Amino acid sequence: MHELYTELRDLLAKKQGVALATLVDGPAHLGAKLLVFPNKTAHGTLGQPELDERVSVDAQHAIRNGSASISSYTLANNATQQFDVFIEGFPPPPTLIIVGAGHIAIPLTTFAKTLNYRVIVVDARAAFATRERFPSADELIVAWPDEVLEQMDLNQSTAVAVLTHDPKFDEPTLKVLLTRDVGYIGAIGSRKTGEERAARLKTQGLTDAQISRIHGPIGLNIGAIEPEEMALAIMAEIVAIRH
């Protein structure tokens, strides 16, 4: 038991998502604990393999939502016995990855930081991704976005705004994102641009269901014209999808 608490403490210190499930009522194993991770693996046990499996599914939702509640379960081998399990989710802190360090990315970084997001700006163009342009960004990465994203821990607390407006950047980036469990994916461009991009992505093997995850034109429709207004619309949509 001590090892689970130590592991939980270390995960929270590293700002990684996790859920802790505790058996609070049932015929046996009261106080048993199960530590559930976003990749659907777990450490510990509640005493019954079937119970562990069912609780792990609900724990995934708790990680995403940061919820804490008691859920009741009956098992297939004995429907008369009830197990009450307290599940507490600890989501990773919200992260915004901005792909493309153009003019909209600057105010978008400011809005996101104000809302306590961790902000990472990625652009292969060193002249754009500079500390002078993005003094408040947590991380600036000068590299091809798709290669960077392949190596990142992307999860439901991650939002990605693709602002490159260039097929050679945004399409490889979207191909990576659409195969990962990302909370929000938005791509800049008009409705026509989005339709043309979707058609090209389909020829590259992506499904309609995957492509439908792209929010485009990116941002809420507030009639935005200036970069700051566009950034506000994007951030508003990210918050709306998150909640």
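Reader: How many bridges join strand 1 to strand 2?
Author: This is a predicted model, so take what follows as read off that prediction. Strand 1 covers residues 18–25 and runs antiparallel to strand 2. The number of bridges joining the two strands is 4.

Reader: Which residue in strand 3 is the bridge partner of Val-36?
Author: Strand 3 spans residues 42–44 and pairs with strand 2 in the antiparallel sense, over 3 bridges. In strand 3, the partner of Val-36 is Ala-42.

Reader: And in the hairpin of those two, which residue takes a positive phi?
Author: Strand 2 and strand 3 have 5 residues between them in this hairpin. The phi in question is near 75°, and the residue that takes it is Lys-40.

Reader: Back on strand 2, are the side-pointing residues buried or exposed?
Author: Lys-33 and Leu-35 point one way, while Leu-34 and Val-36 point the other way. The cut-off for buried is under 20% relative accessible area. Whichever way they point, these four residues, Lys-33 included, are all buried.

Reader: Moving on to the open sheet, what is the order of its strands?
Author: There are 6 strands here, and the pairing is parallel. Strand 8 (139–142) and strand 11 (214–215) are the edges, each pairing on one side only. Put together, the order reads 8-7-6-9-10-11.

Reader: Which strands does helix 5 lie across?
Author: For context, helix 3 (105–114) lies across strand 6, strand 7 and strand 9, at about 180° to strand 6. Helix 5 (167–177) runs at about 160° to strand 9. The strands that helix 5 lies across are strand 6, strand 9, strand 10 and strand 11.

Reader: Now the largest pocket: which element gives the most to its lining?
Author: The pocket has a volume of about 710 Å³. Elements that give two or more residues to the lining are helix 2 (49–65), strand 6 (95–99) and strand 7 (118–123). With 3 residues, the one that gives the most is helix 2.

Reader: How many of the residues in that lining are charged?
Author: The largest pocket is lined by 27 residues, with Pro-92, Asp-153, Leu-154, Asn-155 and Thr-158 nearest its centre. The lining has 10 nonpolar and 9 polar residues. The charged ones number 8.

How values were computed:
Residues numbered from 1 in each chain as written. Predicted model: local features only at pLDDT ≥ 70, side-chain atom pairs only at ≥ 80, totals over all residues. Heavy atoms only, no water. 1 Å grid on protein atoms, 1.4 Å probe; cavity = no way out; pocket = protein on both sides within 12 Å on 5 of 7 lines; lining within 4 Å. Points joined across faces, edges and corners; volume = space filled by probe spheres on them. Nonpolar A, V, L, I, M, F, W, Y, C, P; charged D, E, K, R; others polar. Pairing = 2+ DSSP bridges. Contact = heavy atoms within 4.5 Å. Axes fitted to C-alpha atoms, helices over the stretch in contact; angles between N-to-C directions. Buried < 20%, exposed > 50% of the residue type's maximum accessible area, 1.4 Å probe, protein only.
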